[in-house]
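Hi there,

Here is the structure I promised to pass on to you. Please have a look at it first, and then read my notes below.

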Amino acid sequence: MTAPAHQQMIFVNLPVNDLEASKKFFTELGYSINPRFSDEKAASVVISETIFAMLLTKPFYSTFTKKEIADSTKTSEVLIALSAESREKVDELVDRALALGGSPSGETQDHGFMYGRSFDDLDGHTWEVVWMDPSAIEG
């Protein structure tokens with residue numbers, strides 16, 4: 001498989017109750033906010049060069065959909081999975097999220113070649129953080 005000429009990006013749009021609290025949560029996790037794409041209704045959290053979480057106030061989020069906004073503390077609307085470079089990095093990120101007010105989500109998954117843990121952010125969105133042994137991927 002050849003690399004595409006255009007590097008695709010992903011923007012995960014998430015409705016939030018308190019934009020300032022959510023911005024603080026994600027910046028304290030170690031991510032930055034791109035001010036060019038942020039204002040009083042939205043914040044662009046830079047996860048990587050190609051991954052962004054767009055935190056949108058619920059009234060602003062509702063302008064993008066005719067569907068009811070899920071109460072993510074009661075209903076699963078999405079599972080966001082992020083890779084980590086090691087088992088230790090999985091634990092660091094999830095432990096930091098829990099210390100900042102996130103809550104545990106699910107059980108730790110340890111399959112030897114793959115290790116993962118999950119947390120729910122301040123609004124109940126589930127983030128899975130997973131490490132996989134590169135030699136297991138190469139087959």
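What follows is a short tour of the strands, the aromatic rings, the charged pairs and the surface.

First, the ground rules. This is a predicted model, so local features need pLDDT of at least 70 and side-chain atom pairs count only at pLDDT 80 or more, while totals for chains, interfaces and linings use all residues. Residues are numbered from 1 along each chain as its sequence is written, and side-chain values use heavy atoms, with hydrogens and water left out.

Let me begin with strand β8 (residues 114-120). Helices (H or I, at least four residues) and strands (E, at least two) are DSSP runs, numbered from the N terminus. Six of the seven residues of β8 are buried, so the strand is largely enclosed by the rest of the structure. Here buried means under 20% relative accessible area, exposed means over 50%, and partly exposed lies in between (1.4 Å probe, protein chains only).

Which strands pair with β8? Two strands pair if DSSP finds at least two bridges between them. Strand β6 (residues 103-104) runs antiparallel to β8 and is joined to it by two bridges, with serine 103 partnered by aspartate 120. Strand β7 (residues 109-110) is also antiparallel to β8, over two bridges, and glutamine 109 stands opposite glycine 116. Strand β9 (residues 126-132) is joined to β8 by seven bridges, again antiparallel; there, methionine 114 has methionine 132 as its bridge partner.

Two glycines are worth a look in the hairpins. Between β7 and β8 there are three residues, and glycine 112 in that hairpin has a positive phi near 80°. The hairpin of β8 and β9 has five residues between the strands, and glycine 124 has a positive phi near 90°.

Strand β4 (residues 51-57) is another one to click on: six of its seven residues are buried, so β4 is largely enclosed by the rest of the structure. Strand β1 (residues 10-16) runs parallel to β4, joined by seven bridges, and leucine 14 stands opposite leucine 55. Strand β3 (residues 42-46) pairs with β4 in the antiparallel sense over five bridges, with serine 44 opposite methionine 54. β3 and β4 form a hairpin with four residues between them.

Now the aromatic rings. Rings of Phe, Tyr and Trp (its six-membered ring) pair if their centres lie within 6.5 Å; planes under 30 degrees apart count as stacked, over 60 as edge-to-face and the rest as tilted. By this rule the count comes to five aromatic pairs. In one of them, the rings of phenylalanine 25 and phenylalanine 26 have centres 5.1 Å apart and planes at 85°, so the pair is edge-to-face. Both phenylalanine 25 and phenylalanine 26 are buried. Phenylalanine 25 also forms a tilted pair with phenylalanine 119, at 6.3 Å centre to centre and 55° between the planes. That pair links distant parts of the chain, since phenylalanine 25 is in helix α1 (residues 19-28) and phenylalanine 119 is in β8, 94 residues apart. Phenylalanine 119 is buried, at a relative accessible area of 2%. Phe25, Phe26, Phe119 and Trp127 form one aromatic cluster.

On to the charges. A salt bridge is a side-chain nitrogen of Lys or Arg within 4 Å of a carboxyl oxygen of Asp or Glu, and a search of the whole structure finds seven of them. Helix α1 holds lysine 23 and glutamate 20, three residues apart, about one turn of the helix; their closest N and O atoms are 3.3 Å apart. Glutamate 20 is exposed, at 51% relative accessibility. Glutamate 28 and lysine 24 also lie in helix α1, four residues apart, and their salt bridge has its closest N and O atoms 3.1 Å apart. In helix α3 (residues 87-99), glutamate 92 and lysine 89 are three residues apart, and their salt bridge spans 3.5 Å between the closest N and O atoms. Salt bridges that share partners join Asp91, Asp95 and Arg117 into one network.

Finally, the outside. Lysine 66 lies in the loop between α2 (58-61) and β5 (79-83) and is exposed, at 89% relative accessibility. Lysine 66 and alanine 136 are 70 residues apart in sequence and 43 Å apart in space, C-alpha to C-alpha.
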